[in-house]
Every structure is written in C-alpha cells, then in structure tokens.
Amino acid sequence: MTLDDGSVLTLDADSAVAVAFTPAERRVRLTGGRAHFVTAPDSGRPFVVTCADGRIATADASFVVHRCLDSVVVAVESGTASLTTGMAPPLPIAAGQSRSYGPDGPGPLLSQGVAVENAWRHGRLVFQGQPLDAVIADLNRYHPARIVLWDRPLAGLRFDGSVDISRPDAALNAILRTLPLRTLRPVPGLVIIRSV
C-alpha cells in the first residue's frame, strides 16, 4: 500500500501495522509479522518504525522489519537507518546490513541478512540455523492449519533451508524430512509435531 507521504509498505502474511503520521514525524508501529518499507524522502520528517522495544529511524531507506518470537530483525536494502533500543545510543545500519535485537539489547551487525529477510517477497522462507519454534511460527503465517510443537524440547532443534510458501504443506514436509520428527493430525485444522 502507498502511505500518505508516498512511502510504500508491503506486509507479509498475518502481519499488522498501525500508522500515525504527524507534522513532525512519520511513525509506523509493527505489531506482528514482517513488513517491507520503501520510504519517500522527507528531510523534515523522519520515518520511524517501532517494534517491540526498538525504534528504527531513517530519512530515506528501503528496509524490512521482522518480529520473530523472541527478537526483531532489521535488514536495510538501500540507504541507511538507525536502531535505538532501550536507553542505548542509536546504532547505524547501512545498505546490505542487518541487525537483530531483543530483551538483551542489539545483536551484532550482519552482512548477509538482507536476502534472507526479503525472500518472502519472492515466495520463499529462508532459515539459517533457526530454532524450530521460530521456523514453525513463520510457517504458521502461511499454513491453513495451526502447527504446534507437542514436545517442548523440540523447540531448540535447528533448521537450515529454504521452503516454498505457496505450498505450505510441502514446506512443512521439507522441514520434517531433515529432522527426527513426525506429525499427527487429530482434527482438521491442527497439525501436531512430535519426536519420532
């Protein structure tokens, strides 16, 4: 969608934002999911995205913000942005870089996260050593059934791979083939993942 200032916002599946523009600031709050922003230049009003306990500010950038289970990832495609968490000073994120943050503050600056965080815009989800509970949380935004982990220790299993989000059942099966897991479907609309 195009916002009032000409910026373009693209929402991932099962994602939500709240937009509040004022004469002093263009503010968007990401309440869940993932969003891609292409900000229109406006030297007088910063474009600010808030998510969890973080604030991403820019004058003119293209970037993704992804609210995960326990953290938030910011990936900048072009331009520059600054990330502020808690009382810490702002941290710059340049084009081609990404950074996550969570309850313990910001993580290290990464130089590979932009392609991973943009893959959903091209019909794929890409995971690099992600814990299974985070993988399932992302997949649940696309799958018609609700997927749940029956055994809590399974949440920490790690998954590397890329799956097609237009075929959510095939995506789930691709994940299950790489890990010692099986599924139960006790009722329509529910998929339970258990250890083998």
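Mentor: Two strands count as paired if DSSP finds at least two bridges between them, and the strands (E, at least two residues) and helices (H or I, at least four) are DSSP runs numbered from the N terminus. This is a predicted model, in which local features need pLDDT of at least 70 and side-chain atom pairs count only at pLDDT 80 or more, while totals for chains, interfaces and linings use all residues. Residues are numbered from 1 along each chain as its sequence is written, and side-chain values use heavy atoms, with hydrogens and water left out.

Trainee: Which strands are the edge strands of the open sheet of six strands?

Mentor: The sheet has mixed pairing and runs in the order E2-E3-E5-E6-E9-E10. Strands that pair on one side only form its edges, and these are E2 (16–21) and E10 (91–94).

Trainee: Which residue in E3 stands opposite Val 19?

Mentor: E2 and E3 (residues 26–32) run antiparallel and are joined by six bridges. Across this pair, the residue facing Val 19 is Val 28.

Trainee: How are H2 and H3 oriented to each other?

Mentor: H2 (residues 132–140) and H3 (residues 168–177) pack with their axes 11 Å apart, at an angle of about 170 degrees. Axes are lines fitted to C-alpha atoms over the stretch in contact, and angles run from 0 to 180 degrees between N-to-C directions. Because angles over 145 degrees count as roughly antiparallel, the two helices, H2 and H3, are roughly antiparallel.

How values were computed:
Parallel < 35°, antiparallel > 145°, perpendicular 65-115°, else oblique.
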